[in-house]
Amino acid sequence: MRKEVIKANRIVIKVGTSTLIYPNGTINLAAIDQLAFVLSDLHNRGKEVVLVSSGAVGVGMHKMNRSTRPATIPEQQAIAAIGQAELMNIYNQRFTVYNQQTAQILVTRDVIDFPESRKNVVNTLEQLLAMGTIPIVNENDTVAVDELDHLTKFGDNDQLSAIVTKLINADLLIVLSDIDGFYSDNPTVNPNAKMYQTVTAIDNTLMEQAGGAGSTFGTGGMHSKLKAALRIFEAQSTMILANGKDPKIIFDLLAGKEIGTLFKEEQS
């Protein structure tokens, strides 16, 4: 039983594109509805919840009937702009069913890097939580190039979710992905790959085991999730990596069930 998870009150939940978009490129409305249901119920329990959501490019591709990710930065930014509006429309529709108010926050790396703008982001998030809303955060893909340009890896939403966790001193970050947890090797090609229940330190060996990029519609990968865990260690917080195929898994995670991989640095 993971007692520190049960006690978590302020929670950041990151959903990857693989949770929101089917492999064929269509929108997974069932998963989005379940996510809205779960997060609304957590709010009803008195939890403070922030959602960091990927999916703008994937939803934009679906909206524009494109099966392959655009190659140029301007094209990707345009697709992201179309997709972000559609994604928020869907979220607003589903959260409204559960009488839950949401808000959108789009940030870029430079906003976080400068003290004054970072303070403004924190103040806005704190105020939204105090008002009982669920902020939905994403990188502003229409002006940011770090996430879109795959030559630079900083700007994915795994990093953003860890940064948000640190900014608001959240107790827990839950990263929902298309894999059950962190493995010693790629479980899709190596049947002997072992899933770690708990990771208390991240070294070069683990980083090497985390090779590989994200999906067609997303940008993250296991290496990115370990980098996010390092940020969580710096913040002396806790992170869980679990499979987001069914968002109701969040209920089991917060009940302390040992599902997925728990990242919590061993305190000396």
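Me: What stands opposite Val 199?
Reply: In this predicted model, Val 199 faces Phe 263 of β10. The strands β8 and β10 (residues 261–263) are joined by 2 bridges and run parallel.

Me: Which sheet are those strands in, and what is the strand order?
Reply: An open sheet of 8 strands, with mixed pairing. The order is β3-β4-β2-β1-β5-β9-β10-β8.

Me: Which strands stand at the edges?
Reply: β3 (102–107) and β8 (198–199). Each has a single partner strand, so one side of each is left without a neighbour in the sheet.

Me: Which strands does helix α7 touch?
Reply: Helix α7 (residues 115–130) packs on the sheet and touches β1 (10–15), β2 (48–53), β3 and β4 (134–139). The direction of α7 makes about 170° with that of β3.

Me: New topic. How many residues are in the largest nonpolar core?
Reply: 41 residues. Val 137, Val 164, Ile 168, Phe 182 and Phe 263 have the most contacts inside that core. Helix α10 (residues 222–234) gives the most to this core, with 6 residues.

Me: What is Val 137 in contact with, leaving aside neighbours within four places in sequence?
Reply: Its contacts include Val 50, Val 52, Ile 105, Leu 125, Leu 160 and Val 164.

Me: And helix α8, why is it largely enclosed?
Reply: Because 10 of the 11 residues of α8 (residues 157–167) are buried. Among them are Leu 160, Ile 163, Val 164 and also Asn 157 and Asp 158.

Me: What comes just after α8?
Reply: Asn 169, with a positive phi of about 55°.

How values were computed
Residues are numbered from 1 along each chain as its sequence is written. This is a predicted model: local features need pLDDT of at least 70, side-chain atom pairs count only at pLDDT 80 or more; totals for chains, interfaces and linings use all residues. Side-chain values use heavy atoms; hydrogens and water are left out. Buried means under 20% relative accessible area, exposed over 50%, partly exposed in between (1.4 Å probe, protein chains only). Helices (H or I, at least four residues) and strands (E, at least two) are DSSP runs, numbered from the N terminus. Two strands pair if DSSP finds at least two bridges between them. Contact means heavy atoms within 4.5 Å. Axes are lines fitted to C-alpha atoms, for helices over the stretch in contact, and angles run from 0 to 180 degrees between N-to-C directions. A nonpolar core is a set of buried Ala, Val, Leu, Ile, Met, Phe, Trp, Tyr and Cys residues joined through side-chain atoms within 4.5 Å.
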